[in-house]
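I opened a notebook for a structure I had not looked at before. These are the entries, in the order I made them.

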Amino acid sequence: MRIKPNGDSGIWYVSRFVDDHNQDLLPAKFVPYLPSYRKISDVNLAHIDSLRQVGISIPKIYESIAAQAGGFNLVPFTKRDMYNEVRRQRALRNGDVNAALRFFEVGPDQHMSDLFWSDRRSQDDYKIFGDVLAFDATYGRNKYNLPVVVFSGVNHHNQTCVFATAMVSCESQALYVWVLRKFLECMGGKALKLVITNGDRSMRLAIQEVFPEAHHRLCSWHLLRNVTVNVCKPRFTMLLRSCLLLYHHTNDRLWCIKTTGAHNK
C-alpha cells in the first residue's frame, strides 16, 4: 500500500494498493506458536504454581503438561512463556497491595490505611453530571465487608456513573472530611449542589464542613425503607415510590427528578 499527500491540502490518500500477499502464509501447524495465539490458562497457571512449590523445574513441568495434552504440539504455550510468567509473578512481590504500599501512606503498624482514587474519565463525567452526588458508604456494612466509599451520579441516559472511590480505615467525621477534601481537590474545586446519603451523622457533619452550600438529602432507598417499617401502608409506599422518581421529556431529553417527599390525600 502506498500513501501520498494531496498537494497543499494536507490530506493523505492511498495511491496504490496490491491485494495479493507478497509473503507466504505461515503453515497451519505453526500458527499456535504465534505470540497472539499463545496463552497460559488459569488452570495451567495453578498447576504450574503447585508444582513449582514442591521444587519441580520449569522444563519438567512443561514435559508433564505436554504428556497430559498428548504432545508438545498440542500445548498452547512454550517454555519461554512459562519463564516469562514466573518472572512477572516475582515482579509483583506478593500482589498489588504491596506495590501500592510503596506509593501510599501507611498507618503506624505499617498497614495500608486510607486511599482515594479517580481516573480521567470519571473526572470528565463529574464536570458534566456532578451537580447531584450520591455519597455511599454502605460497602463497609454489607456482605463484602469492605470499608469502601463510592461517589456516584446519574448521566443524561439515567445511567449510574462513578466519579471517585475511597478506601477508608474507619467512618469518623474527620476521615470523611479528609475524603471530601480530596474529592474536591481531585475535581478541580467544583463544589457540590446536592448530596444524597444514607443519613449517617458523621457523613452529614463532614458535608456541612466541606460543602456548606450543598443541600443534603436522604437517598430514595432509605426513605422507602423508613416508610415501609414505620407507616406499614402498602398503598402509601406505592404512591411515595411514584413521587420519588418522576420522568418527563423536555426538549427530547429524558431527565430524572428525585424528590424528597410526597403528598398523600
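**Entry 1: overview**

I began with the secondary structure and counted nine helices and ten strands in the protein. The model is a predicted one, and I kept that in mind throughout. Of the 265 residues of the protein, 28% count as buried. I then looked up the surface: the protein exposes about 18800 Å², and carbon and sulfur atoms supply 54% of that area. Among contacts between residues at least 6 apart in sequence, 45% join residues at least 24 apart.

**Entry 2: confidence**

I checked the confidence before going further. The mean pLDDT of the protein is 78, and 80% of its residues reach 70 or more. Where is confidence lowest, and where is it highest? The lowest mean, 36, belongs to strand E10 (residues 253–258), and the highest, 91, to helix H2 (residues 58–69). I also noted that pLDDT stays under 50 over residues 247–265. The model still has 33 contacts beyond four places in sequence for that stretch. Where pLDDT is low, the predicted coordinates should not be read in detail. I left that stretch there.

**Entry 3: the hairpin**

I went to the start of the chain next. Strand E1 (residues 2–5) and strand E2 (residues 12–16) run antiparallel and are joined by four bridges. Within this pair, isoleucine 3 stands opposite valine 14 in E2. E1 and E2 form a hairpin, with six residues between the two strands. I looked at the turn and found glycine 7 there, with a positive phi of about 60°.

**Entry 4: asparagine 44**

I stopped at asparagine 44, which sits in helix H1 (residues 42–53). Is asparagine 44 buried or exposed? Its relative accessible area is 18%, and buried means under 20%, so asparagine 44 counts as buried. Leaving aside residues up to four places away in sequence, asparagine 44 touches Ile65 and Phe77.

**Entry 5: the six-stranded sheet**

In what order do the strands of the open sheet of six lie? I read the order as E3-E6-E5-E4-E7-E8, with mixed pairing. Strand E3 (115–117) and strand E8 (215–218) stand at the edges, each with a single partner strand, so one side of each has no neighbour in the sheet. The twist from one strand to the next averages 25°.

I followed strand E4 (residues 132–136) to both of its partners. With strand E7 (residues 194–197), E4 runs parallel, and three bridges join the two. Valine 132 stands opposite leucine 194 in E7, and leucine 133 opposite valine 195 in E7. With E5, E4 pairs in the antiparallel sense, over three bridges. There phenylalanine 135 stands opposite phenylalanine 151 in E5.

I then compared the faces of E4. Leu133 and Phe135 are on its covered face, while Val132, Ala134 and Asp136 are on the uncovered one.

**Entry 6: helices on the sheet**

Helix H6 (residues 173–186) lies across E3, E4, strand E5 (148–154) and strand E6 (160–167). H6 runs at about 25° to E3. Helix H7 (residues 201–210) packs on the sheet as well, touching E4, E7 and E8. The direction of H7 makes about 170° with that of E7.

Which residues of H7 are buried? I listed Met203, Ala206, Ile207 and Val210. Seen down the axis of H7, these buried residues fall within an arc of 100°, so they line one face of the helix. An α-helix has 3.6 residues a turn, so residues three or four places apart point the same way. The buried residues of H7 pack against E4, H6, E7 and E8.

**Entry 7: tryptophan 178**

My last stop was tryptophan 178, in helix H6. With a relative accessible area of 30%, tryptophan 178 is partly exposed. What does tryptophan 178 touch, not counting residues up to four places away in sequence? I found Asp114, Leu115 and Phe116. Tryptophan 178 and phenylalanine 116 are 62 residues apart along the chain, and their C-alpha atoms are separated by 9.8 Å.

How values were computed: Residues numbered from 1 in each chain as written. Predicted model: local features only at pLDDT ≥ 70, side-chain atom pairs only at ≥ 80, totals over all residues. Heavy atoms only, no water. pLDDT = per-residue confidence, 0-100. Contact = heavy atoms within 4.5 Å. Pairing = 2+ DSSP bridges. Axes fitted to C-alpha atoms, helices over the stretch in contact; angles between N-to-C directions. Buried < 20%, exposed > 50% of the residue type's maximum accessible area, 1.4 Å probe, protein only. Arc of directions from axis to C-beta. Areas by Shrake-Rupley, 256 points an atom, 1.4 Å probe, with all protein chains shown as cover.
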